[in-house]
Amino acid sequence: MIEFQNVVKRFPDGFTAVKGLNLTVHDGEITVFIGPSGCGKTTSMRMVNRLLSITEGKILVEGRDNRDFPAEELRRKIGYAIQQIGLFPHFTVLDNIAVVPRMLGWEESRIRKRVDELLDLVGLDPDINRDKYPRQLSGGQQQRVGVARALGADPPIMLMDEPFGAIDPITREVLQEEFLAIQQEIGKTIIFVTHDIDEAIKMGDRIAILRDGALEQYDTPDNILAHPKDRFVRDFVGSDRSLKRLGLVRVSELMDPESKPLVRMRDSTDKARQVIEEHKVRSAFVVDDEGVLKGWVDLDGIRHAPNSLIDAMMEADFHEIGVRKGNTAREALSAMVARGFRITPVVDKNGRLVGSITLKALQDLAEQEWSEEEATAS
Ligand SMILES: Nc1ncnc2c1ncn2[C@@H]1O[C@H](COP(=O)(O)OP(=O)(O)OP(=O)(O)O)[C@@H](O)[C@H]1O
Ligand SMILES: [Mg+2]
């Protein structure tokens with residue numbers, strides 16, 4: 001745990017960059033610091049590992065005032081990936097990653113083994129990359145080395161200052177996914193700085209929105225999107241926050257496992273009409289004897305082929321028309337909009353129908369926020 005207690009940072013020129021910050025970073029979580037340029041993100045972060053001194057207040061690391069740690073212990077505990085990568089240009093990849101382990105006096109053989117492990121972890125082939133210099137790597141590869149270096153001595157805490165800032169959007173998404181997968185395994189306590197609200201929502205277990213050196217709002221991404229505290233936060237997260245929030249909700253949370261307007265291929269068209277009317281939907285899903293989704297049928301189709309459900313139905317591959325429980329609500333919405341469905345089947349990996357999700361469920365989620373917003377509009 002990292003606890004900021006009334007932390008103030010005044011620079012020698014008299015400028016106060018951090019104005020009484022109170023905040024707890026929880027173990028094993030990614031806490032994102034976000035806010036406009038100059039709001040004090042980097043300054044706050046650099047006080048944690050004492051690269052900057054604290055003017056007033058204190059920062060507890062694992063319950064202890066961080067000024068009470070010997071500098072070396074603090075460095076071992078806290079990995080740091082700095083803004084703009086910051087690799088040493090005249091050091092090889094190996095030497096860059098080995099900086100902290102060498103400082104800690106590790107045996108050379110242990111360092112080499114660790115460097116190779118870390119290169120593997122961040123998706124760089126050790127044999128190809130270990131002896132390269134930073135200029136021989138792409139920007140994305142350099143950032144991976146930067147992350148590997150921060151992980152060098154396996155610190156329980158990581159400070160990451162815009163670690164993916166210098167990267168094009170597509171590579172950045174890949175790095176984000178990879179890093180989240182790594183974090184699943186390593187479970188570090190992380191402060192992650194970014195400018196990018198989408199990155200914050202994706203990476204953060206919690207988001208701290210900073211403004212002029214003070215904390216504006218601190219909460220989970222979902223709560224920040226659902227309940228922005230004031231106009232500043234609302235503007236900051238953007239007018240499409242309902243859509244963004246749909247990106248956080250899984251189909252499994254919104255689907256109805258009971259309500260399945262469902263007919264079997266060997267059922268009659270009368271049965272299909274009955275199901276459609278019962279469920280008040282425009283079409284019913286058609287499944288085979290194993291429950292695998294084979295297509296859908298609507299009243300139009302039944303009119304055209306009243307004697308055979310197989311002739312009346314529209315055949316479709318379940319990959320095409322179904323969504324999975326693990327998809328986001330946002331993906332389900334895109335699927336519905338693309339196909340003009342008001343209800344979309346949810347299938348398992350074998351194509352078996354396990355439930356459905358309605359456009360209305362997605363709209364309700366969005367509307368719930370809009371009405372709250374009216375109530376709190378300032
Ligand atoms: N050594 C210093 N002396 C005086 N003021 C400083 C010093 N370092 C930073 N500042 C000021 O403190 C404020 C906060 O800087 P900081 O680097 O923490 O911002 P940031 O939130 O990380 O911004 P960015 O998103 O641009 O990286 C800025 O207004 C900056 O000009
Ligand atoms: Mg900064």
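The model is predicted, with local features needing pLDDT of at least 70 and side-chain atom pairs pLDDT 80 or more, while totals for chains, interfaces and linings use all residues. Residues are numbered from 1 along each chain, chains are lettered from A and ligands numbered from 1 as written, and side-chain values use heavy atoms, without hydrogens and water.

The buried residues of α1 are Lys41, Thr43, Ser44, Met45, Met47 and Val48. Helices are DSSP runs (H or I, at least four residues), numbered from the N terminus. Just after α1, Arg50 has a positive phi of about 65°.

Helix α1, residues 41–48, also gives the most to the shell around ligand 1, contributing three residues. Around this ligand stand 14 residues (a heavy atom within 4 Å). Ser37, Gly38, Lys41, Thr42 and Thr43 come nearest. By type, the shell holds four nonpolar, seven polar and three charged residues. Here Ala, Val, Leu, Ile, Met, Phe, Trp, Tyr, Cys and Pro count as nonpolar, Asp, Glu, Lys and Arg as charged, and the others, Gly among them, as polar.

The side chain of Ser37 places an N or O atom 2.5 Å from a ligand 1 oxygen. For the side chain of Thr43, the distance is 2.5 Å. A polar side-chain atom of His195 lies 2.9 Å from an oxygen of ligand 1. The protein covers 66% of the 640 Å² of accessible area that ligand 1 has on its own (Shrake-Rupley method, 1.4 Å probe).

Notes
Polar contact = N/O pair within 3.5 Å; in protein donor to acceptor, adjacent residues only side chain to side chain. Helix = DSSP H or I, 4+ residues; strand = E, 2+ residues; numbered from the N terminus. Buried < 20%, exposed > 50% of the residue type's maximum accessible area, 1.4 Å probe, protein only.
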